[in-house]
Amino acid sequence: MTRKFAELSGPQTLERLTADSVLVVPIGAVEHHGPHLPLITDALVAESVVSSLVPMAVEAGIDAWQMPTLTIGKSDEHHWASGTLWLDAKTLFDTLVDLGRSVATTPARKIVFVNGHGGNTALLGVTNRELRRRFGLTTFSMPAGRGRAGTGRDGEPDEQGLGIHGGWFETSMIMHLRPDLVDESLFAPNVPEQFAGLTQIGFNSMPVSFGWLSDDFGPSGIVGDPTGATAEAGKEIFEHSLEQGLVALKEIDTFTMPARPVLG
Ligand SMILES: [Zn+2]
């Protein structure tokens, strides 16, 4: 029996979905990832993770449903590069609010965004609260890939914690998922030097964030080092991502919040 929301009929959504259903939305990006990776990288990772994760969650007793992939994201940091298709923050926010409004017409009340693109992260945090306030949904977002920067050991490049875009783990994942789309002859590192020794300013988990565009770090359009990426490492990271994703979905499944009205 299908676990894809869009393969149900309209009336079936009323019969099959309940307030305990967990709607899992892959969200990605179509953006420049350097010369060695396809534009679809982030959306591919998000959709691949969700396609494997939803059946695993169902097996574990969770009423999980795979939602249609939101392929195009907020990739304004790569706006300068040919091939990048992007929505600005307001457009994507409005799109996600419309999605939440639509979901609120079904019996489902839990939605989780599984995100393949770092540039969507902050906006998803804002969206989670908006969907909660306006439509009473219980909302979550989490990364699709649970990768990390290359360490410099065991054949990994030393990315100095900066492997965030087109670097070792992301390239490895695509070599695992779609090796036909990776050009190893074009692997070249681009690890920005201005972060050496900084303890506060940086990407993602660092306390001081800053506004950046990917061409602030040179013309290659990546931040990281794909050298040494392998399909084997990608498989390991992909499977780790599924394991961690399942742990997250189990917590999401049992996490409760008070019922709230739909304000619209
Ligand atoms: Zn990416």
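Q: What percentage of the contacts in the chain with a separation of 6 or more comes from residues 24 or more positions apart?

A: Two residues count as being in contact if their C-beta atoms, placed from the backbone, lie within 7 Å. Here, residues 24 or more positions apart account for 76% of the contacts with a separation of 6 or more. Do keep in mind that this is a predicted model, where local features need pLDDT of at least 70, side-chain atom pairs count only at pLDDT 80 or more, and totals for chains, interfaces and linings use all residues. Residue numbers start from 1 along each chain as its sequence is written.

Q: What is the strand order in the open sheet?

A: Strands of a sheet pair through backbone hydrogen bonds, either parallel or antiparallel. Two strands pair if DSSP finds at least two bridges between them. In this case the order is E2-E1-E3-E4, with parallel pairing. Strand E2 (64-66) and strand E4 (138-143) form the edges, each pairing on one side only.

Q: How many bridges join strand E3 to E4?

A: Six bridges link E3 (residues 110-115) to E4; in one of them, Lys110 has Thr138 as its partner.

Q: Which helix packs on the sheet?

A: Helix H6 (residues 231-254) does, touching strands E1 (22-27), E2, E3 and E4.

Notes:
Helices (H or I, at least four residues) and strands (E, at least two) are DSSP runs, numbered from the N terminus. Axes are lines fitted to C-alpha atoms, for helices over the stretch in contact, and angles run from 0 to 180 degrees between N-to-C directions.
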